[in-house]
Amino acid sequence: MDIDLVLAPVDGSDQSERAAEYAIAVAERYDADLHLLFVIDERLHQDIDSGDVSATAIAEEHQAFTESIRDRFRDAHDGVFETSSATAFSETRLMQTPGSVVLDVAEDLDSDFIVVPREEGSEEAVGRAAIYVIEYASQPVLTV
């Protein structure tokens, strides 16, 4: 198997942290780069827009999470580590779901492998995306 880029969609949950650790292991094993995609849940996005949640606080949490994963990646492997974020819902694109967001980014980045967290009954954006990603991804998917 030829893997040059591993995509790890995360949302800051414990499950996504564990998935990111697996993504690091896959990247190390295949001498691949890692792209961490922070998926912002539509409910969180609405709470930020309404002022119920501080955008600054969320940004700081996401930054701390990302830095932690980046440090672990650099300790394990010397590949390229990149990040991006995406909102898991769009009022103008009603078919946009957490799963479709992950697959759109996977296609845009030309990723070779996806590691996604999966927990039964999860309310987190990425956890809800796992089944969709498994069913429709054109690249191999590891769920943890």
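Q: Where is Asp110 found?
A: Asp110 sits in the loop between H4 and S4. Helices (H or I, at least four residues) and strands (E, at least two) are DSSP runs, numbered from the N terminus.

Q: And its phi?
A: Phi of Asp110 is near 60°, a positive value in a residue other than glycine.

Q: Is Asp110 buried or exposed?
A: Asp110 counts as exposed, at 58% relative accessibility. Buried means under 20% relative accessible area, exposed over 50%, partly exposed in between (1.4 Å probe, protein chains only).

Q: What about Asp31, what phi does that one have?
A: Asp31 has a positive phi of about 55°, although it is not a glycine. Asp31 lies in the loop between H1 and S2. With 57% relative accessibility, Asp31 counts as exposed.

Q: Before going on, what kind of model is this?
A: This is a predicted model, in which local features need pLDDT of at least 70 and side-chain atom pairs count only at pLDDT 80 or more, while totals for chains, interfaces and linings use all residues. Residues are numbered from 1 along each chain as its sequence is written, and side-chain values use heavy atoms, with hydrogens and water left out.

Q: What is the mean pLDDT?
A: The mean pLDDT of the protein is 85, and 84% of its residues reach 70 or more. pLDDT is the predictor's confidence in each residue, from 0 to 100.

Q: Where does pLDDT stay under 50?
A: Over residues 90-94. For that stretch the model has 2 contacts beyond four places in sequence. Contact means heavy atoms within 4.5 Å.

Q: Change of topic. How many helices and strands are there?
A: The protein has 5 helices and 5 strands. Along the sequence the pattern reads β-α-β-α-α-β-α-β-α-β.

Q: In what order do the strands form the sheet?
A: The 5 strands form an open sheet in the order S3-S2-S1-S4-S5, with parallel pairing. Two strands pair if DSSP finds at least two bridges between them.

Q: Which strands stand at the edges?
A: Strand S3 (81-87) and strand S5 (141-143). Each has a single partner strand, so one side of each is left without a neighbour in the sheet.

Q: How many bridges join S1 to S2?
A: 6 bridges join S1 to S2. S2 and S3 pair over 7 bridges, also in the parallel sense.

Q: What is the bridge partner of Pro9 in S2?
A: That is Leu37. Leu37 also stands opposite Ser84 in S3. His35 has Glu82 as its bridge partner in S3.

Q: S2 then, mostly covered or mostly open?
A: Mostly covered: 7 of the 8 residues in S2 are buried.

Q: What do S1, H1 and S2 make?
A: They make a right-handed β-α-β unit. Right-handed here means that, with the strands pointing away from the viewer, the path from the first strand over the helix to the second runs clockwise.

Q: Where does H4 lie?
A: Helix H4 (residues 98-109) lies across S1, S2, S3 and S4, at about 155° to S1. Axes are lines fitted to C-alpha atoms, for helices over the stretch in contact, and angles run from 0 to 180 degrees between N-to-C directions.

Q: On to the core. Which residues touch the most other members of the largest nonpolar core?
A: Val6, Leu34, Leu36, Ile69 and Val115, out of 21 residues in that core. A nonpolar core is a set of buried Ala, Val, Leu, Ile, Met, Phe, Trp, Tyr and Cys residues joined through side-chain atoms within 4.5 Å.

Q: Which element gives the most to this core?
A: H1 does, with 6 residues. A second, separate core has 16 residues, including Leu37, Ala106, Ala130 and Ala137.

Q: What does Val115 touch?
A: Among its contacts are Val6, Leu7, Ala19, Tyr22, Ala23, Leu142 and Val144, not counting residues up to four places away in sequence.

Q: Ala23: buried or exposed?
A: Ala23 is buried, with a relative accessible area of 0%. Ala23 is in helix H1. By the count that leaves out residues up to four places away in sequence, Ala23 touches Val6, Ala8, Leu34 and Val115.

Q: How far apart are Ala23 and Leu7?
A: They are 16 residues apart in sequence and 7.5 Å apart in space, C-alpha to C-alpha.
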